[in-house]
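I opened this one to see how the fold is put together and which side chains pair up. My notes are below, in the order I looked things up.

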Amino acid sequence: MTQSNFSRPGAVDLSSLRNPAPGAPAAGGAPAGGAGGAYVLEVSEANFQADVIDRSIQAPVVVELWSPRSQGANALGAVLIKLSSEYAGKFLLARIDVDANPQVAQAFGVQAVPVVIAILRGQPVPLFQGVLAEPEVRQYLDQLLTVAVANGITGRAEPVGPVAEDAEEEDAPNPRYEKAENALGTGDLDGAIAAYEELLKETPNDAEAKSGLARVQLVKRTQDVPADVRTRAADNPTDVEAQLLVADVDLMGGHVDDAFARLITTIQATAGDERNAVRLHLLELFEVVGADDERVVKARRRLMAALF
């Protein structure tokens, strides 16, 4: 599995890891606590409940299942550790050696490593398998944070290890976005939207503000989705409202190509103001995913062909 299997919280059975035997030792001898970063933990079967499930109530926990036998595992681990420091508590990284903790691997149904899975409020969210480059890993993490907000998880993880002085200075949040981030932290989507819009009035080409605004608007649009929206979209290809909403839901579920394809097909089936509305919506979804994402690059080419 090299493509994303990103979705809202899934149905993997983690019950066997919730209540380890009293006094069970940490397998593999990996020390609990910081493991190369302020937001990194080495996790075992014994402390999975406390260090992963319990912590996932406040902030997303990204679980890296790896093995010292796996080629490339160290490279991926280094990328995740670096990004955990850069994101400064937006997620906590839990690293699990599957050789030392086979029960964890069994609970997740892992057949090959490395595998990266997130936990949101105790529920697993599949991310990706295999070794990816930093830009790709960053995209999956950004998608995860969008889903976390949609599920009401807006807190930050507390540091579990020492923060290097130079890293602390380098990774300090940009005060320009503080108002929007504070609003998000309290679940105030309207406040975050207003803050990003205010920034864009001042600096219309602010890429981070554009992306932030697009993400928060996506979350807001998908909070209350009518149960019949997919039926409406299937029955009427020119029902623009239904097509836009299904595309939003698909994107939130990680079905990026499906979302893009739906809107491009709708553009081909509509005209005038409706067609332009779909085009603008698609451009907004491009902002959510990221301009450098290969799926966006391909969809832009298809969009140009559909328009001209």
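**Ground rules**

I am working from a predicted model, where local features need pLDDT of at least 70, side-chain atom pairs count only at pLDDT 80 or more, and totals for chains, interfaces and linings use all residues. I number residues from 1 along each chain as its sequence is written, and the side-chain values use heavy atoms, with hydrogens and water left out.

**Whole chain**

I looked up the secondary structure and got 13 helices and 5 strands in the protein chain. Helices (H or I, at least four residues) and strands (E, at least two) are DSSP runs, numbered from the N terminus.

Next I checked burial: of the 308 residues, 47% are buried. Here buried means under 20% relative accessible area, exposed means over 50%, and partly exposed is in between (1.4 Å probe, protein chains only).

The chain exposes about 14,600 Å², with carbon and sulfur atoms supplying 50% of that. Those areas come from the Shrake-Rupley method with a 1.4 Å probe, and for residues only the protein chains shown count as cover.

For contacts (heavy atoms within 4.5 Å), I took those with a separation of 6 or more, and 70% of them join residues 24 or more positions apart.

**Strand E4**

How many of the residues in E4 are buried? I found 6 of 6, over residues 115–120. On one side sit Val115, Ile117 and Ile119, on the other Val116, Ala118 and Leu120, and all are buried, which leaves both faces covered. A reminder to myself: side chains in a regular strand alternate between the two faces of the sheet.

Which strands pair with E4? I count strands as paired if DSSP finds at least two bridges between them. E2 (residues 61–66) pairs with E4 in the antiparallel sense over 5 bridges, and Leu65 has Val115 as its bridge partner. E5 (residues 123–129) is also antiparallel to E4, over 6 bridges; there, Ile119 is partnered by Pro124.

**Rings**

I searched the whole structure for aromatic pairs and got 4. My cut-offs: rings of Phe, Tyr and Trp (its six-membered ring) pair if their centres lie within 6.5 Å, with planes under 30 degrees apart counted as stacked, over 60 as edge-to-face and the rest as tilted.

One of the pairs is Phe260 with Phe286, edge-to-face at 5.0 Å centre to centre and 90 degrees between the planes. Phe260 is in helix H11 (residues 256–269) and Phe286 in helix H12 (residues 272–289), 26 residues apart. Both Phe260 and Phe286 are buried.

I also found the charged end of Arg95 over the ring of Trp66, 4.8 Å from its centre. That call needs NZ of Lys or CZ of Arg within 6 Å of the ring centre and within 35 degrees of the ring normal.

**Salt bridges**

The search gave 21 salt bridges, each a side-chain nitrogen of Lys or Arg within 4 Å of a carboxyl oxygen of Asp or Glu.

I noted Arg69 with Asp99, the closest N and O atoms being 2.8 Å apart. Arg69 is in the loop between E2 and helix H2 (73–87), and Asp99 in the loop between strand E3 (92–97) and helix H3 (102–108). Arg69 is exposed at 64% relative accessibility, while Asp99 is partly exposed at 35%.

Then I looked at Lys82 and Glu134, which meet at 3.1 Å, N to O. Lys82 is in H2 and Glu134 in helix H4 (residues 134–150), so this pair ties together parts 52 residues apart in sequence.

Glu294 and Lys298 pair at 3.3 Å. Both lie in helix H13 (residues 294–307), 4 residues apart, about one turn of the helix. Shared partners also join Lys82, Glu86, Glu134 and Arg138 into one network of salt bridges.

Where is the cis peptide bond I noted? It runs from Val113 to Pro114, with omega near 5 degrees, and Pro114 is in the loop between H3 and E4.

I flagged Ala88, in the loop between H2 and E3, for a positive phi near 50 degrees in a residue other than glycine. Arg121 also has a positive phi near 50 degrees, in the hairpin of E4 and E5, which has 2 residues between the strands. Arg121 is partly exposed, with a relative accessible area of 44%.
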